[in-house]
Every structure is written in C-alpha cells, then in structure tokens.
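Dear colleague,

Please find below the structure that I am handing over to you. My notes on what was found in it follow directly after.

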Amino acid sequence: RRGYLGALAAIVLCAALCGSAVAAGATLRSKALASLPEGVDPATLVVSDDAKHWAAVRTVEGGRRVVGDGDYGSGEFAQCWDLQFAAGTDRLSYLATTAKGAMVLVVGGKEHTTELAQNGGVYFSETGGHWVGILWEGDPSSQEAAAKTAQAVVFQDGKKVGTYNDVGNP
C-alpha cells in the first residue's frame with residue numbers, strides 16, 4: 001500500500017506529458033513490457049515498493065493460489081486476499097481460506113492455519129525480517145455479536161504470543 005501516492009503522481013505526470021506530446025503532434029506507441037500468466041486476476045496484482053517483485057491471485061483447477069516472481073506459498077485456497085509486501089523485500093503476506101472455511105495467514109511462503117474470523121493486519125519490521133499479525137476470533141455473524149465475543153490474537157514471526165480483548169496497530 002506504500003508508494004501509491006508516488007505512483008499516482010507519476011501517472012498524473014506521465015498523462016500530462018503524453019497530453020502535451022499529442023498536442024504537439026507526436027505519435028504515441030505502446031509496448032507490453034510483461035504479461036500476466038493465464039488465470040491471474042489483474043485486480044489482485046501487487047508490486048513491491050522497490051518495483052522488483054510482484055504477486056497476484058491466480059485461478060487454478062483446485063481453487064486459487066498466489067503466484068509471482070518468488071515462492072509465495074504452494075497452497076490452493078478457496079479465496080486469497082490482502083496481499084502485501086514488506087518494504088524493500090520480496091517477503092509477502094496474505095490471507096486465505098481453505099475449501100473447508102479455515103483461515104490461513106501466509107507470510108514468507110509459510111502457512112499459519114488459524115481459527116480466526118477477521119484480519120487485523122500484518123505489520124513488518126523495517127527490514128522485513130520480523131512480522132506481527134493481528135487476527136480476530138469470535139462470532140463474525142453481526143457487529144453486535146462480534147463486539148461481545150471478539151478477541152485479538154497476536155502472532156509474532158509465526159508464533160502465537162497472546163490473546164487480548166483489544167489491541168492497537170504497532
């Protein structure tokens with residue numbers, strides 16, 4: 001999610017320059033620099049902030065899996081979402097659900113199966129070497145039920161460190 005403002009500014013600048021070039025009579029050409037594998041949903045594409053790595057959700061025969069330029073896990077899931085890279089690295093985190101409805105937190109290609117209902121976020125250290133995941137368990141059937149039963153479960157580098165009534169983002 002980092003770098004979106006910078007990317008947006010670059011797109012606006014590029015559009016302005018292209019508009020000026022067209023007004024001056026220049027011919028514009030485009031060339032595809034890369035193509036996504038078949039079955040990849042372009043809406044799920046994420047690129048690392050240093051623009052060296054990419055990942056996206058691909059539909060396969062057994063469901064969905066995350067693909068990209070690195071090892072982002074080999075599991076096939078019913079759904080995959082919230083893909084994000086640690087700053088300046090190829091370390092990716094995302095959430096997924098199995099065909100049986102279990103939630104899985106995947107960080108650095110390693111799967112952490114949970115009994116949890118909602119994502120509270122994954123936060124990487126500055127170098128990407130460590131991470132904290134906040135996930136919520138409880139009855140997600142309604143806001144009222146969730147407010148009465150929700151507990152925040154905190155994971156650090158793949159190990160559950162505690163369950164709390166409330167937590168704030170690190």
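Phe 85 has a relative accessibility of 14%, and because the cut-off for a buried residue is under 20%, Phe 85 counts as buried. Tyr 72 is likewise counted as buried, with a relative accessibility of 4%. Please bear in mind throughout that this is a predicted model.

These two residues form the one aromatic pair that the structure holds. A pair of aromatic rings is described by the distance of the centres and the angle of the planes. Here the ring centres of Tyr 72 and Phe 85 are 5.8 Å apart and the planes stand at 80 degrees, so the arrangement is edge-to-face. Phe 85 belongs to strand S4, whereas Tyr 72 is found in the loop between S3 and S4; the pair therefore ties together parts that are 13 residues apart in sequence.

As to the overall architecture, the protein chain has 170 residues, of which 29% are buried. It contains two helices and eleven strands, and along the sequence these follow the pattern α-β-β-β-β-β-β-β-β-β-α-β-β. The accessible surface of the protein chain is about 10800 Å², and carbon and sulfur atoms account for 53% of that area. Among contacts with a separation of 6 or more, 28% link residues 24 or more positions apart.

Regarding confidence, the mean pLDDT of the chain is 76, with 71% of the residues at 70 or more. Residues 1-9 have a pLDDT below 50, and this stretch makes three contacts in the model beyond near neighbours in sequence. Where pLDDT is low, the predicted coordinates should not be read in detail.

Three of them form an open sheet in the order S1-S2-S3, with antiparallel pairing. Strands S1 (46-47) and S3 (63-68) are at the edges and have a single partner strand each, so one side of each lacks a neighbour in the sheet. S1 and strand S2 (residues 54-60) are joined by two bridges, and Val 47 is opposite Trp 54 in S2.

Strand S6 is largely enclosed by the rest of the structure, because five of its five residues are buried. Met 103, Leu 105 and Val 107 lie on one side of S6, with Val 104 and Val 106 on the other, and both faces are covered. S6 runs antiparallel to S5, to which five bridges join it; Tyr 94 has Val 106 as its bridge partner. Five residues separate the strands in this hairpin of S5 and S6, where Gly 101 adopts a positive phi near 95 degrees. S6 also pairs with strand S7 (residues 110-114) in the antiparallel sense, again over five bridges, and Val 107 is opposite Lys 110. The hairpin of S6 and S7 has two residues between the strands, and Gly 108 has a positive phi near 60 degrees there.

The largest nonpolar core comprises 14 residues, and Ala 55, Val 66, Phe 77, Cys 80, Leu 83, Leu 92 and Tyr 94 have the most contacts inside it. At least two residues of this core come from each of S2, S4 (79-85), S5 (92-97) and S6 (103-107). A second, separate core has eleven residues, including Ala 86, Leu 95, Met 103 and Leu 105. Beyond its neighbours within four places in sequence, Leu 92 contacts several residues, among them Val 46, Ala 55, Tyr 72, Phe 85 and Phe 124.

Yours sincerely

How values were computed: Residues numbered from 1 in each chain as written. Predicted model: local features only at pLDDT ≥ 70, side-chain atom pairs only at ≥ 80, totals over all residues. Heavy atoms only, no water. pLDDT = per-residue confidence, 0-100. Contact = heavy atoms within 4.5 Å. Pairing = 2+ DSSP bridges. Helix = DSSP H or I, 4+ residues; strand = E, 2+ residues; numbered from the N terminus. Core = buried A, V, L, I, M, F, W, Y, C linked by side-chain atoms within 4.5 Å. Buried < 20%, exposed > 50% of the residue type's maximum accessible area, 1.4 Å probe, protein only. Phe/Tyr/Trp six-rings, centres within 6.5 Å; stacked < 30°, edge-to-face > 60°. Areas by Shrake-Rupley, 256 points an atom, 1.4 Å probe, with all protein chains shown as cover.
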